[in-house]
Amino acid sequence: MGCCLSSLLQLKKPSADDDGRGHAHAHAHPHVHAHANANDSIHQNHHHQNEVEAAPPTADCAPSFLEFSFADLKAATNNFSSDHIVSEICDKASNVVYRGRLQTENNLGCIAVKKFSKAAWPDAKQFAAEAYGVGKLRNKRLANLIGFCCEGDERLLVAEYMPNCTLAKHLFHWEKQTIEWAMRLRVALYIAEALEYCSQAARPLYHDLNADRVLFDEDGDPRLSCFGLMKNSMDGKSYSTNLAYTPPEYLKDGTVIPESVIYSFGTILLDLLSGKHVPPNQALDMIGGKHISLLMDSHLEGKFSTEEATLVFELASQCLQYEPMDRPSIKELVAALVPLQNKSDIPSYEMLGIPKQERIPLVSQQPLSQMGDACARVDLTAIHQLLLLSHYKDDDGSYELSFQEWTQQIRDMLEARKRGDIAFRDKDFEGAIDGYTTFIDVGNVLSPTVYARRSICHLLCDQPDFALRDAMQAQLIHPEWHVAFYLQAVALVKLGMPKDAADMLNEACTLEKKRHRGRAY
C-alpha cells in the first residue's frame with residue numbers, strides 16, 4: 001500500500017488572510033482530490049492525484065503541491081523510457097530524472113520526475129514529510145517541487161520542467177555560443193537569491209550544489225533545482241561530486257551545515273569565471289596574486305570587466321575559506337552581487353541565444369495530445385521530433401501513380417524525398433526544404449506529410465509565411481488532418497496573429513479527438 005500524505009502529516013488549510021494573493025488550486029477532477037484540512041476523510045485510491053496544501057507561493061502561476069499516482073507518472077514518462085532521461089547520469093544509476101508530460105485537466109504540461117531507487121527511502125512517512133517540506137516552497141528563482149509519489153516501494157518527486165538545459169551544458173558543453181559575461185553575473189545573483197529564499201524559509205541546507213543543479217526555464221532565466229533540497233536517500237551522502245569540490249567539514253566528519261552551501265556556491269562562481277570545472281584549490285593557486293585573466297574563460301574573448309571579474313573572484317575566495325565561520329552569509333553575497341548587474345533590460349533568452357518562448361492561448365482547458373501541447377507551447381524542436389517519429393503513416397491513399405508514371409518519375413521523386421528525409425532527421429532544415437521541394441516539383445504525388453515536414457522546416461528557418469502556405473496545402477490534400485491545423489496555428493502565432501492561432505489550435509484539438517473516437521469504434 002502507498003501512503004496518502006493526509007494520513008502522515010497534520011495539515012492546516014491556510015485562511016484567506018494567510019495568502020492575500022491566493023494560489024492556483026487544481027480544478028475539480030475525478031483524478032485529483034483536494035485535501036481541505038486534517039479532518040477530511042482519508043482517500044487512498046492511488047489512481048488519484050491528491051492536492052496538498054502548500055505554503056503561499058511567491059512564484060507566479062506555480063502549481064499547487066500534489067500527490068501523484070505511480071500510474072500517472074509511468075504514463076507521463078512513457079514507462080520511464082531512457083529516451084526521456086534528462087539527468088547527466090545513465091538509466092542504471094540509483095536516482096534518475098526524466099522528462100514527462102501529464103495529460104490532465106490541471107494542464108501542468110511538462111514535468112521533471114526524479115525516480116529514487118527502492119531502497120533509498122524505506123520509510124514512506126519520512127519521505128512524504130521531506131517532500132512536503134520542500135513542496136511548501138514557492139519562488140521564481142526555484143524550479144519548484146509540485147508533487148511526489150509514495151506508492152508501495154516507489155518514491156518519486158515531481159518538479160516544474162526547465163526546457164533550456166543546465167548551467168553545466170551552457171558553460172562546459174555549449175554548441176552555438178558561450179554565456180556572455182552579463183548573463184554569468186545574472187546566474188550568480190539569481191542562484192544566490194534562490195539560496196537566500198530557502199534559508200529564510202527554514203530550508204538552508206542544499207545538497208551537492210553544482211552547475212548541473214542550475215537550470216534554465218522557458219524564458220532563459222536561471223533557476224535552482226528543488227531536488228537538491230532533499231538528499232538522494234534517507235541515510236545517503238549529501239555530496240556525490242568529486243571530493244575536490246566538497247566542503248572541508250564534510251570531508252572531515254560528514255557534517256553538512258548552511259556554511260557548506262556557501263562553499264559550494266563558491267565553486268559555482270569559479271565555474272562562471274573560468275568556463276571550466278576547476279577544483280577550488282587549483283583555482284586559488286592559479287591566481288596567487290597574479291592577474292585574474294589567467295583564470296577567465298578564453299571563450300569570452302576578453303569581453304568582460306576586469307574589475308567585476310576580480311570582485312567575483314574575491315567573493316569565491318571568501319566562500320571557499322576552510323573555516324565555515326570565515327565564509328560570508330548568503331545575504332551578504334546577494335548584496336555584493338546586486339551592484340554588478342547590468343543589461344537588466346535585456347531578457348535572459350536573448351543573452352543565452354535561445355528563441356523566445358511563445359504560447360498559443362487555448363479557449364478550452366482540455367487535455368492536449370503531445371502534438372497539441374508542443375504546438376500550444378510553440379516548441380518547434382518538439383514538433384520536429386514528433387513529425388520525425390510519425391513517419392508517413394498519414395499518407396495512406398494519397399499516392400495515385402500510373403505504371404508509366406512509376407517507371408518514368410518515381411525513382412527521382414523517391415530519391416528527392418530520401419534526401420529530404422535524411423536532412424530532416426539530421427536537423428539540416430535548409431537541406432530538407434530543398435529535398436522536399438524537388439520531390440513536390442518533380443512528380444504528381446500528393447503527400448501531406450511532406451508539406452507538413454517542409455512547413456516545420458520553414459518555421460525553424462524563421463519563414464512563417466512559407467510555413468503557413470505549406471500547412472494549408474497539407475490541409476487541402478487531407479482536409480481533416482489535425483496536424484495541418486496544428487502547424488497553421490503555430491505559423492499564425494509566429495506571424496503575430498494570436499487570436500487566429502488560438503482558433504486554429506482549438507479546431508485541431510477537435511479534429512484530433514474526433515479522429516481518435518472514430519478509431520475507437
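## Cavity lining

Helices α5 (181-200) and α7 (258-274) each supply at least two residues of the lining of the largest cavity, helices being DSSP runs of H or I with at least four residues, numbered from the N terminus. The largest share, four residues, comes from α5. The model is predicted: local features need pLDDT of at least 70 and side-chain atom pairs pLDDT 80 or more, whereas totals for chains, interfaces and linings use all residues. Residues are numbered from 1 along each chain as its sequence is written, and side-chain values use heavy atoms, without hydrogens and water.

The lining consists of Trp-181, Arg-184, Leu-185, Ala-188, Leu-272, Leu-273 and Val-312. A cavity is a set of points on a 1 Å grid over the protein atoms alone where a 1.4 Å probe fits but cannot get out, and lining residues have an atom within 4 Å of a point.

## Salt bridges

The structure holds 18 salt bridges, each a side-chain nitrogen of Lys or Arg within 4 Å of a carboxyl oxygen of Asp or Glu. In one of them, Arg-327 pairs with Glu-249, with the closest N and O atoms 2.9 Å apart. Arg-327 lies in the loop between α9 (306-319) and α10 (330-337) and Glu-249 in helix α6 (residues 248-253), so the pair ties together parts 78 residues apart in sequence. Both Arg-327 and Glu-249 are buried, that is, under 20% relative accessible area with a 1.4 Å probe, protein chains only.

Arg-453 and Asp-421 also form a salt bridge (3.0 Å, N to O). This pair links helix α16 (residues 448-460), which holds Arg-453, to helix α14 (residues 403-425), which holds Asp-421, 32 residues apart.

Conventions
1 Å grid on protein atoms, 1.4 Å probe; cavity = no way out; pocket = protein on both sides within 12 Å on 5 of 7 lines; lining within 4 Å. Buried < 20%, exposed > 50% of the residue type's maximum accessible area, 1.4 Å probe, protein only.
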